[in-house]
Amino acid sequence: MKKKLFINVSLIFFFIFSFSNSYAKVNVIYGGFSYGSIIPDNSYTKFLHDRSNGQSFIDKLLLNTAKKLNNNTFEVSYNLLSDNVSEDDQNVMVVALDNELIEHITIPGDNLTRTDIILNFQIIFFNSKNNFLTASIPLEISKVVNSSKKLTKEEIIQELKKLYENDVMKYFFEIVQNFNLKTKNKNRIGVTKVILEKNAEN
């Protein structure tokens, strides 16, 4: 009888432990903003990501947005990476800019110029211990600006600033907030693709 009771109690603790582990949040280290396949010098984003005097405009936006996250599957940590922690605690989240496209189309005789701004990002989760890519979520955001003449460099930077501040941060938060991170599935790659368009007139 005592043996049977011991076995039953052991099974109960085993299931409780297994259940709690299955719902334990994964620790994810905040990696901030980075450039992907794009060359920084070929972009206007570089003017918003100037770290010569500390954190850039984008750094501050992204950090403040990340701190609002309350995901059910992972918890964001802002500590530095360490070699002393386990492999399971070496997960990193990075937002990488892959492409920035800015095109001008002028309609002769109408005093109208259309400027298309397209930003392509990858929201990346990877394990820095074994260099395993856990998930990569593509995000594309576009904006159309109509003006009486071609936008100047300063005007483009201001449009980009508003785009990062409003749309990029908004949809980054919505995607990551609802993302189900699974680090144990060794073949899992995020396939979510989000394309967002916004029109603006000057």
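E159 is buried, at a relative accessible area of 5%. Buried here means under 20% relative accessible area, exposed means over 50%, and partly exposed lies in between, with a 1.4 Å probe and protein chains only. K143 is buried too, with a relative accessible area of 5%.

A word on the source. This is a predicted model, where local features need pLDDT of at least 70, side-chain atom pairs count only at pLDDT 80 or more, and totals for chains, interfaces and linings use all residues. Residues are numbered from 1 along each chain as its sequence is written, and side-chain values use heavy atoms, leaving out hydrogens and water.

Back to our pair. What does E159 form with K143? A salt bridge, with the closest N and O atoms 2.6 Å apart. The pair links distant parts of the chain: E159 sits in helix α3, K143 in strand β5, 16 residues apart. Helices (H or I, at least four residues) and strands (E, at least two) are DSSP runs, numbered from the N terminus. A salt bridge needs a side-chain nitrogen of Lys or Arg within 4 Å of a carboxyl oxygen of Asp or Glu.

How many salt bridges does the whole structure hold? The search finds 4. Take D59 and R51: their closest N and O atoms are 2.8 Å apart. D59 is buried at 9%, while R51 is partly exposed at 46%. Next, D116 and R114 meet at 2.7 Å, N to O. D116 is buried at 12%; R114 is partly exposed at 37%.

Now the largest nonpolar core. The term means a set of buried Ala, Val, Leu, Ile, Met, Phe, Trp, Tyr and Cys residues joined through side-chain atoms within 4.5 Å. This core has 42 residues, and M93, F121, F125 and Y164 touch the most other members. Helix α3 (153–177) and strand β5 (132–147) are among the elements that each supply at least two residues. Which element gives the largest share? That is α3, with 11 residues.

Look at M93. Leaving aside neighbours within four places in sequence, M93 has contacts including V76, F125 and F172. Contact means heavy atoms within 4.5 Å.

Last stop, T65. T65 lies in helix α2, residues 57–66. Is T65 buried or exposed? Buried, at 10% relative accessibility. The T65 side chain reaches the backbone oxygen of L61 at 2.8 Å. Beyond its neighbours within four places in sequence, T65 is in contact with M169, F172 and F173.

Conventions:
A polar contact is a pair of N or O atoms within 3.5 Å; within protein, one must be able to donate a hydrogen and the other to accept it, and residues adjacent in sequence count only if both atoms are side-chain atoms.
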